[in-house]
Amino acid sequence: MWLPAAVRERVAAVHGGAALPERLRQYDGWAARYEQDVAALEYRAPHLAAASLSFVFPAPPAGARLLDVACGTGLVARELHRRGFRCLHGVDGSAGMLEQARSTGLYRQLQRCVLGQEPLPVPPEHYDAVMVVGALGEGQVPSAVLPELLRVTKPGGFLCLTTRSNPSNLQYKVELEAVLEKLERQGAWQKVLAQEVEHWERATSEEESTQGTGYISGVVYIYRKCPVPPLEEG
């Protein structure tokens, strides 16, 4: 059973080849319906990413400072809050999405930032973890932003990233993984996990579907910025 045509059209619009100003206007216009549409998509990335970070996070989460990049309406914040994370900051390029995120009351700080066009508006080594869930994809946030994410992460901090594995995003995924591996070879971070998930979200077309399942697959990556502190003896 395929998605309603209107949902398919809105998803296709923001993942298409529109210029950045037009794409941001599309997100502004989508903000009020966004959560309804991603519920129809059965979009699992926020849950999967937050669960993965919570699993590897070594310290009590309440005192950790996290940055939710391309935070949208706050879906990731809800999942993190359920797992005990309380000090959440968010950035997004869409004023409409930020308005929805602000209404959740879950973020201590929200700022507008178009990642890939400008640096993150935060000092170096500021966050215990940085999340980018759903925005690393074709026509979205370029993979060249990864060093900027590392800049604002504390040594020993975590970066939790996701991308889709559907056919129209495979070239982007190849390019993203090349950058991930290059940074690991350079000693910038260590890979903690890379988890492929089959039922990531519902496909918007038969061509995008994984082996006719009606879903597309995706990946959660977690890296830890070097130098990683030694384990405490106890």
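Residues are numbered from 1 along each chain as its sequence is written, and side-chain values use heavy atoms, with hydrogens and water left out. In this predicted model, local features require pLDDT of at least 70 and side-chain atom pairs count only at pLDDT 80 or more, whereas totals for chains, interfaces and linings use all residues.

Helices (DSSP runs of H or I, at least four residues) and strands (runs of E, at least two) are numbered from the N terminus. Axes are lines fitted to C-alpha atoms, for helices over the stretch in contact, and angles run from 0 to 180 degrees between N-to-C directions. Helix α1 (residues 5-14) and helix α2 (residues 20-41) have axes that come within 10 Å and cross at roughly 135°. α1 is therefore oblique to α2; angles under 35 degrees count as roughly parallel, over 145 as roughly antiparallel, 65 to 115 as roughly perpendicular and the rest as oblique. The crossing of these two helices, α1 and α2, is left-handed, a term for a near helix turned anticlockwise from the far one by less than a right angle, with clockwise giving right-handed. In contact (heavy atoms within 4.5 Å) are Val7, Arg10, Val11, Ala13 and Val14 of α1 with α2 residues including Tyr27, Trp30 and Leu41. The residues of this contact of α1 with α2 comprise seven nonpolar, one polar and four charged, where Ala, Val, Leu, Ile, Met, Phe, Trp, Tyr, Cys and Pro count as nonpolar, Asp, Glu, Lys and Arg as charged, and the others, Gly among them, as polar.

α2 also packs against helix α5 (residues 95-104), the axes coming within 6 Å and crossing at roughly 30°. α2 and α5 are therefore roughly parallel to each other. Tyr27, Asp28, Trp30, Ala31, Ala32 and Tyr34 of α2 make this contact with Ala95, Gly96, Met97 and Gln100 of α5. Seven nonpolar, two polar and one charged residues form the contact of α2 with α5.

Helix α3 (residues 45-56) packs on α4 at an angle of about 40°, with the axes 9 Å apart, and the crossing of α3 and α4 is right-handed. Pro46, His47, Ala50 and Leu53 of α3 meet Leu75, Val76, Glu79 and Leu80 of α4. The contact of α3 with α4 contains six nonpolar residues, one polar and one charged.

The largest pocket has a volume of about 620 Å³. On a 1 Å grid over the protein atoms alone, a pocket is an open set of points where a 1.4 Å probe fits, with protein on both sides within 12 Å along at least five of seven lines, and lining residues have an atom within 4 Å of a point; the volume is the space filled by probe spheres set on the points, which are joined across faces, edges and corners. Of the 38 residues lining the largest pocket, Tyr27, Ala70, Asp92, Ala135 and Gln140 lie nearest its centre. Two or more lining residues come from each of α2, β1 (65-69), α4 (75-82) and β2 (87-92). α2 gives the most, with eight residues. The lining of the largest pocket has 24 nonpolar, nine polar and five charged residues.

Most residues other than glycine have a negative phi, and most peptide bonds are trans. Glu42, in the loop between α2 and α3, has a positive phi of about 55° although it is not a glycine. The peptide bond from Cys226 to Pro227 is cis, with omega near 0°, and Pro227 lies in the segment after β7 (215-225).
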